[in-house]
Amino acid sequence: MNIVIIGAPASGKGTQSSLLANKLGLFHMQTGDLSRELAKKNERIKEIVESGKLIPEEEMTMYVLDYLHTKKPDLKNILFEGFPRFISQYEALEAFLKSKGDDIDAVISLDIEKDEAVRRISSRRICENCSAVYNLLTNPPENTGLCDTCGGKLIQRSDDLPESIEVRFQYYQDNTKKLIDYLDEKGKLIRIDAARPIDTIFEDILAKLEANK
Ligand code: AMP
């Protein structure tokens, strides 16, 4: 089963994707992490990612397909987080999977209002060492400023800073929102209210996936 999770910045994509990948035994394809890795070796990509913009749509598709070719060549049982974000990326992924006899089985949209997302983003911290994610309000570390797992320093992602947040929402509005409307029209979308506690959202996703079978 191949599943896609899309949603606005801070809609909880990362949290729900990890839970889901664990529960269903899926390979977790996270394009945010892949982009941050690429940014370490490429100044142009670093500037794009840190400012909250999106990597050009076809270029990102190429990185994703390359990555899968190396890490998950059978293309089965993948959870895509943050990809596709454009209609063109969706169509390319769908065509690619179909050419290998597979498909996108479900697309989950985590729906959240911008105010709530911005509130979450401002309290999000990540470990600069192991990338574990914390929220100062809902999931704080035991020791202020330090990661529970590895003791690394907790920092704000550069694209979580106020100037980048606006850019990310604009890109979401201009691109991903169009993909969501497109999939909604096709009846392909599972819509989830993401402004609820983590466990409630997760149970809702599992129930809706079951009903979607
Ligand atoms: P995320 O952690 O999912 O918010 O992604 C962080 C950043 O990675 C984005 O702001 C983009 O710069 C880049 N990125 C991730 N997924 C995509 C995608 N599907 N298309 C273009 N850029 C992406």
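Is alanine 10 buried or exposed? Alanine 10 is buried, at a relative accessible area of 10%. Buried means under 20% relative accessible area, exposed over 50%, and partly exposed in between (1.4 Å probe, protein chains only).

## Basis

This is a predicted model: local features need pLDDT of at least 70, side-chain atom pairs count only at pLDDT 80 or more, and totals for chains, interfaces and linings use all residues. Residues are numbered from 1 along each chain as its sequence is written, and side-chain values use heavy atoms, leaving out hydrogens and water.

## Overall fold

The chain has 8 helices and 8 strands. These are DSSP runs numbered from the N terminus: helices are H or I with at least four residues, strands are E with at least two. The radius of gyration is 17 Å, close to the 17 Å that the globule rule gives for 213 residues, so the chain is as compact as a globular protein of that length. That radius is taken over C-alpha atoms, and the rule is 2.2 Å times the number of residues to the power 0.38. Along its principal axes the C-alpha trace spans about 50 × 40 × 30 Å.

Buried residues make up 45% of the 213. Contact means heavy atoms within 4.5 Å. Of the contacts with a separation of 6 or more, 67% join residues 24 or more positions apart.

## Surface and charge

The chain exposes about 11,100 Å². Carbon and sulfur atoms supply 50% of that area. Accessible areas come from the Shrake-Rupley method with a 1.4 Å probe; for residues, only the protein chains shown count as cover.

There are 30 positive and 36 negative side chains. Lys and Arg count as positive, Asp and Glu as negative; His and the chain ends are not counted. The centres of the two sets lie 2 Å apart. Each charge is placed at NZ of Lys, CZ of Arg, CG of Asp or CD of Glu.

## The aromatic pair

The count comes to 1 aromatic pair. Tyrosine 90 and tyrosine 182 have ring centres 6.3 Å apart and planes at 75 degrees, so the pair is edge-to-face. Rings of Phe, Tyr and Trp (its six-membered ring) pair if their centres lie within 6.5 Å; planes under 30 degrees apart count as stacked, over 60 as edge-to-face and the rest as tilted.

Tyrosine 90 lies in helix 5 (residues 87-99) and tyrosine 182 in helix 7 (residues 162-185), so the pair ties together parts 92 residues apart in sequence. Tyrosine 90 is buried, at 0% relative accessibility.

Leaving aside residues up to four places away in sequence, asparagine 175 touches Leu54, Arg85 and Phe86.

Glycine 152 sits in the loop between strand 6 (133-135) and strand 7 (154-155). Its relative accessible area is 10%, so it is buried. With residues up to four places away again left out, glycine 152 touches Cys127, Asn129, Gly145, Leu146 and Cys147. From glycine 152 to alanine 92 the C-alpha distance is 38 Å, across 60 residues of sequence.

## Backbone exceptions

Most residues other than glycine have a negative phi, and most peptide bonds are trans. Alanine 10 has a positive phi of about 65 degrees. It lies in the loop between strand 1 (3-7) and helix 1 (13-24). Leucine 75 has a positive phi near 60 degrees. Its loop runs between helix 4 (57-71) and strand 3. Leucine 75 is buried, with a relative accessible area of 5%.

The peptide bond from phenylalanine 83 to proline 84 is cis, with omega near 0 degrees. Proline 84 is in the loop between strand 3 (78-81) and helix 5.
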